[in-house]
Amino acid sequence: MAEFVTVAKVGSIPEGTGATFQVGQRLVAVFCEGGEYFAIDDVCPHQGASLAAGEVYEGAVTCPWHAWRFRVTDGTWCDNPRLKVDAFDVRITGDEIQVSVAPREEPKTE
């Protein structure tokens, strides 16, 4: 079972922005987009910039250093969908935003 950690209160991350949180040994970027919360790895794989510091537009965050764009829903790099940063499960419990850094289960295909 995935362990969820409270990172913030609902409403503390403004719409269209992100914030960085330490969850276990990971730095996680949590974004509010369309009234929902999403979490991906905070570290851009290009040169290590904080993705939470980037601008969010139409479901993608733009790295503030070199403009690499990643979908906040699943961490996919918009310019090359074969590459992605880790994405994490988010849940709301009461007024708390909680994140699990356990690996996501990939849907099974038959």
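1. A salt bridge here is a side-chain nitrogen of Lys or Arg within 4 Å of a carboxyl oxygen of Asp or Glu. By this rule the structure holds 5 salt bridges.

2. Before going on, a word about the source. This is a predicted model, in which local features need pLDDT of at least 70 and side-chain atom pairs count only at pLDDT 80 or more, while totals for chains, interfaces and linings use all residues. Residues are numbered from 1 along each chain as its sequence is written, and side-chain values use heavy atoms, with hydrogens and water left out.

3. Asp 95 and Lys 9 form a salt bridge whose closest N and O atoms are 3.5 Å apart. This pair links distant parts of the chain: Asp 95 sits in the loop between strand E8 (87-93) and strand E9 (96-100), Lys 9 belongs to strand E1 (residues 5-9), and 86 residues separate them. The strand names come from DSSP runs, numbered from the N terminus, where helices (H or I) have at least four residues and strands (E) at least two.

4. Because Glu 96 lies in strand E9 and Lys 9 in strand E1, the pair ties together parts that are 87 residues apart in sequence.

5. Asp 95 is partly exposed at 43%, Lys 9 is partly exposed at 42%, and Glu 96 is partly exposed at 24%.

6. Another salt bridge is worth a look on your screen. Asp 74 and Arg 71 form it, with their closest N and O atoms 2.6 Å apart. Arg 71 is partly exposed, having a relative accessibility of 35%.

7. Next, the cysteines. How many disulfides does a search of the whole structure find? The search finds 0, a disulfide being a pair of cysteine sulfur atoms within 2.5 Å. For Cys 44, the closest cysteine sulfur is in Cys 63, at 3.8 Å, which is too far for a bond. Cys 44 is buried, with a relative accessible area of 2%. Cys 78 is in no disulfide either, and its nearest cysteine sulfur, in Cys 44, is 12 Å away. Cys 78 counts as partly exposed at 29% relative accessibility.

8. Please check the backbone at two places. Most residues other than glycine have a negative phi. Glu 58 is not a glycine, yet its phi is positive, about 50 degrees. Glu 58 is placed in the loop between strand E5 (55-57) and strand E6 (60-62), and with 65% relative accessibility Glu 58 is exposed. Ala 67, also a residue other than glycine, has a positive phi near 65 degrees. Ala 67 is found in the loop between E6 and strand E7 (69-71), and Ala 67 is partly exposed at 46%.

9. Strand E2 (residues 18-23) pairs with strand E3 (residues 26-33) in the antiparallel sense over 6 bridges; two strands pair if DSSP finds at least two bridges between them. Within this pairing, Gln 22 has Leu 27 of E3 as its bridge partner. The hairpin formed by E2 and E3 has 2 residues between the strands, and Gly 24 in the turn has a positive phi of about 60 degrees.

10. Last, the aromatic rings. Rings of Phe, Tyr and Trp (its six-membered ring) pair if their centres lie within 6.5 Å, and planes under 30 degrees apart count as stacked, over 60 as edge-to-face and the rest as tilted. This gives 2 aromatic pairs. Trp 68 and Phe 70 have ring centres 6.5 Å apart and planes at 40 degrees, so this pair is tilted. Trp 68 and Trp 77 have ring centres 4.2 Å apart and planes at 15 degrees, so this pair is stacked. Together, Trp 68, Phe 70 and Trp 77 form one aromatic cluster.

Conventions. Buried < 20%, exposed > 50% of the residue type's maximum accessible area, 1.4 Å probe, protein only.
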